[in-house]
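Here are some exercises to work through with the model open beside you. Try each task before you read its solution.

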Amino acid sequence: FVVLHQLPAMVMLTEEQLQFYEENGYLVVDILTEEEMDEFSRAYDDVFARKSNYNLESTWKGSWAPESKKQDMSVKSIHGLQMHSAVFTRTLLNTCLLDACESLLKTPNILLHHTKAHIKPPGNGSPFPMHQDYYYFPYKNDTMMALFFCLDDMSPENGGLCIYPGSHKLGPLEDVSDNPAFHYLDANKYSIENATPLSVKRGQVVIFSYLLIHGSYPNTSVDKQRRIFLAQVVSGDDVPLVTGIHKSPAQGLVLRGCNPNREADITKRGSGE
């Protein structure tokens with residue numbers, strides 16, 4: 001895969017990188033400095049330590065795997081990290097990150113949809129079945145992108161990300177989930193075994209289209225956890241096809257530019273709209 005090395009401020013992606021994303025639906029970039037990554041990692045661990053008494057178990061529901069097998073799996077998750085620490089808010093406003101997003105979205109208007117974090121423990125870290133994010137929050141022009149931050153070196157052994165390169169061109173595929181809150185594809189057509197694994201270094205970010213088929217392996221390592229932070233962003237010029245679903249803290253926050261579709265009706269003050 002193509003890696004974009006540390007970007008100086010206000011430098012957009014090259015034509016080669018844009019073409020790679022267009023063809024493959026993803027791109028790996030270096031965004032944070034070592035110092036920023038250290039601060040990010042400390043804040044991340046601190047949030048999980050402070051919230052350890054809450055229910056954080058997030059193994060996916062549905063019949064993609066037998067219930068007896070899922071009982072031995074685990075993945076801990078917290079959503080809306082920008083509501084827990086300013087470190088994550090600063091990261092979302094990182095100039096180099098937003099430069100890359102602006103290049104890919106072809107607009108300076110960039111909105112936050114949501115953030116979340118997943119920790120897969122060694123030995124029994126739960127896999128994620130192959131899926132598209134589209135069904136969680138479909139948009140008219142399909143501009144939604146994931147920003148997948150790796151806090152640890154990521155490989156198939158410790159539950160790393162796997163993808164079907166170029167699958168974003170297929171459009172929305174059949175969702176076979178039997179649980180309305182979780183979405184995944186037919187494993188006979190899009191198996192995790194046939195997917196392309198991504199080995200990504202600590203501090204790198206995988207940017208990918210919400211139409212890209214992706215999932216992740218179980219963490220079978222002896223002592224390597226897998227920590228990730230994920231943000232979904234969308235063009236401010238795009239509009240949702242369905243409203244009222246997947247509502248998240250600070251959804252619609254303008255990270256760059258403006259939101260031309262935002263209403264300003266005084267009678268709706270305090271409604272969150």
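**Exercise 1. Placing a methionine**

In which loop is the place of Met83?

Solution. This is a predicted model, in which local features need pLDDT of at least 70, side-chain atom pairs count only at pLDDT 80 or more, and totals for chains, interfaces and linings use all residues. Residues are numbered from 1 along each chain as its sequence is written, and side-chain values use heavy atoms, with hydrogens and water left out.

Step 1: Met83 sits in the loop between β3 and α4; helices (H or I, at least four residues) and strands (E, at least two) are DSSP runs, numbered from the N terminus.
Step 2: With a relative accessible area of 54%, Met83 is exposed. Here buried means under 20% relative accessible area, exposed over 50%, and partly exposed in between (1.4 Å probe, protein chains only).
Step 3: Once neighbours within four places in sequence are set aside, Met83 is in contact (heavy atoms within 4.5 Å) with Pro249 and Ala250.
Step 4: Thr115 is 32 residues from Met83 along the chain, and their C-alpha atoms are separated by 9.7 Å.

**Exercise 2. Checking a helix**

Step 1: Now look at the buried residues of α2, which are Met37, Phe40, Ser41, Ala43, Tyr44, Val47 and Phe48.
Step 2: Their cover includes β3 (76-79), α4 (86-92), β4 (110-120), β6 (145-150) and β11 (226-235).

**Exercise 3. Aromatic pairs**

Classify the ring pair of Tyr134 and Tyr210, then the pair of Phe148 and Phe208.

Solution. Step 1: Rings of Phe, Tyr and Trp (its six-membered ring) pair if their centres lie within 6.5 Å; planes under 30 degrees apart count as stacked, over 60 as edge-to-face and the rest as tilted.
Step 1: The structure has 16 aromatic pairs. For Tyr134 and Tyr210 the ring centres are 5.5 Å apart and the planes are at 65°, so this pair is edge-to-face.
Step 2: Tyr134 belongs to the loop between β5 (128-131) and β6, and Tyr210 to the loop between β9 (204-209) and β10 (214-216), so the pair ties together parts that are 76 residues apart in sequence.
Step 3: Tyr134 counts as buried at 14% relative accessibility, and Tyr210 is buried at 0%.
Step 4: The rings of Phe148 and Phe208 have centres 6.4 Å apart and planes at 50°, so that pair is tilted. Phe148 is in strand β6 and Phe208 in strand β9, so parts 60 residues apart in sequence are tied together.
Step 5: Ring pairs also link a cluster made of Trp60, Phe128, Tyr134, Tyr135, Tyr136, Phe137, Phe182 and Tyr210.

**Exercise 4. A lysine in a helix**

Is Lys70 buried or exposed, and which backbone oxygen does its side chain reach?

Solution. Step 1: Lys70 is found in helix α3 (residues 67-70).
Step 1: Its relative accessible area is 8%, so Lys70 is buried.
Step 2: The Lys70 side chain reaches the backbone oxygen of Gly62 at 2.3 Å.
Step 3: The side chain of Lys70 also makes a polar contact with that of Glu67 (2.9 Å). A polar contact is a pair of N or O atoms within 3.5 Å; within protein, one must be able to donate a hydrogen and the other to accept it, and residues adjacent in sequence count only if both atoms are side-chain atoms.

**Exercise 5. Salt bridges**

Which residue forms a salt bridge with Arg202?

Solution. Step 1: A salt bridge is a side-chain nitrogen of Lys or Arg within 4 Å of a carboxyl oxygen of Asp or Glu; by this rule the count comes to 12.
Step 1: Arg202 pairs with Asp38, their closest N and O atoms being 2.9 Å apart. This pair links distant parts of the chain, with Arg202 in the loop between β8 and β9 and Asp38 in helix α2, 164 residues apart.
Step 2: Arg202 is partly exposed at 28% relative accessibility, and Asp38 is partly exposed at 32%.
Step 3: Glu34, Asp38 and Arg202 are linked in a network of salt bridges.
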